Amino acid sequence: MGRAAAAIVLSDEERAELERWRRRRSGSSGLYVRAGIVLDCAAGLSGKEIAQRHQTSQQTVTKWRRRFAVERVAGLSDAPRSGQPRRHGDEKVQEILDATVNRRPKKATHWSVRSLSEELDIPRDFVHRVWRAFGLKPHLSHGFKLSTDPHFVEKVRDVVGLYLDPPDKALVLCVDEKSQIQALDRTQRSLPLNYGTPETRTHDYRRYGTTTLFAALDVATGQVIGKIKRRHRSIDFVSFLRHIDQVVPEHLDVHLILDNYGTHKTAKVKQWLLRHPRFHCHFTPTYSSWINLVERFFASLTEHQLRRGSHRSVVALEKAIRGYLAIHNEQPKPFRWTKSADEIIESVNSVLKVITRTGH
């Protein structure tokens, strides 16, 4: 027979402290589990039951039961570990953080590990560890553009509402044109991929003309209705609307999500829409192309077909685009929108607060 389990009786102060550890999930996960083990021991549960509740072993339960019985609450903390003591204190960490966030080097636009190390006379590996611990990446820079649309909130709620709660007996299509797609070919023959060597191409190219892809992405299925035109005038956009009208079943309403490009708002387009009342237009806010899901399809087309493609004529380019559309529509996958309108608006507001606070 094994030794009898140590009886655990908690004082009011100990119970309050352990319960506080259980409520504070953002703290140490180890203390969270150990506090739960001790509370369950005090409640009279068996070691097996406690181990199952906390997804641990009975040996671990026994360990912390005994530790608490001898050292009480202080015994639940981690013991000091062996090894070399810290060479740099918290003040050095704070010095690195302040310099990274609030200062710039004299000869550059941003800090590097080497330049900050020399500036503060701190080892490079320590600077790197601090940056990694606090998620600082001075070498990275992301672009953004805030919308100046006075109806930004209303338009975001309108478009996102179509994504998250589409209307019945209707088709929601994200519509736009990818214009000025260039037929390019490198000035010399590319060297193919080989073992240990990536594909190699010349930096310069020859232009053979441009074309335009009009596309309508079905939000529900991911299918794309596409039509290629050499130009992107208002008359070409009306022609694309006629094409949509032909391929979409007559009993369905059509909700179009569009940007504010002038081609989408001409008198010819408005007249055509008046003659086709089943079409409803929803315009994205200015400088907010990211909210139109067809842009994600255009990015995929560029990545997989256009960026590294070589086409010696516009006809060859258009053939490649049609082939990509056909393959995409064989097994389409919808792009899932996850952000609510409130989350987007709150995110924009947080950026505005930072800009206002920093004066940029």
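1. Threonine 212 stands opposite lysine 229 in β3. Strands β2 and β3 run antiparallel and are joined by 6 bridges. Two strands pair if DSSP finds at least two bridges between them. The hairpin they form has 5 residues between the strands, and glycine 222 in the turn has a positive phi of about 90°.

2. A word on the source. This is a predicted model, in which local features need pLDDT of at least 70 and side-chain atom pairs count only at pLDDT 80 or more, while totals for chains, interfaces and linings use all residues. Residues are numbered from 1 along each chain as its sequence is written, and side-chain values use heavy atoms, with hydrogens and water left out. Helices (H or I, at least four residues) and strands (E, at least two) are DSSP runs, numbered from the N terminus.

3. Now the sheet. It is open, with 5 strands in the order β3-β2-β1-β4-β5 and mixed pairing. β3 (224-229) and β5 (279-283) stand at the edges with a single partner strand each, so one side of each has no neighbour in the sheet. On average, neighbouring strands are turned by 30° against each other, direction ignored.

4. β1 (residues 170-186) pairs with β4 (residues 253-258) in the parallel sense, over 5 bridges. Alanine 170 stands opposite aspartate 253 in β4.

5. Helix α12 packs on this sheet. It touches β1, β2 (205-218) and β3, and its direction makes about 30° with that of β2. Contact means heavy atoms within 4.5 Å. Axes are lines fitted to C-alpha atoms, for helices over the stretch in contact, and angles run from 0 to 180 degrees between N-to-C directions.

6. Helix α11 (residues 294-306) packs against α12 (residues 314-330) at about 120°, with the axes 11 Å apart. That makes α11 oblique to α12. Oblique covers the angles left after roughly parallel (under 35 degrees), roughly antiparallel (over 145) and roughly perpendicular (65 to 115). Phe297, Ser300, Leu301, His304, Gln305 and Leu306 of α11 meet Leu317, Ala320, Ile321, Tyr324, Leu325 and His328 of α12.

7. Look at leucine 317, which lies in α12. It counts as buried, at 0% relative accessibility; buried means under 20% relative accessible area (1.4 Å probe, protein chains only). Leaving out residues up to four places away in sequence, leucine 317 touches Ile181, Gln182, Ala183, Thr211, Leu306 and His311. The C-alpha atoms of leucine 317 and aspartate 342 are separated by 41 Å, with the two residues 25 apart along the chain.

Conventions
Buried < 20%, exposed > 50% of the residue type's maximum accessible area, 1.4 Å probe, protein only.
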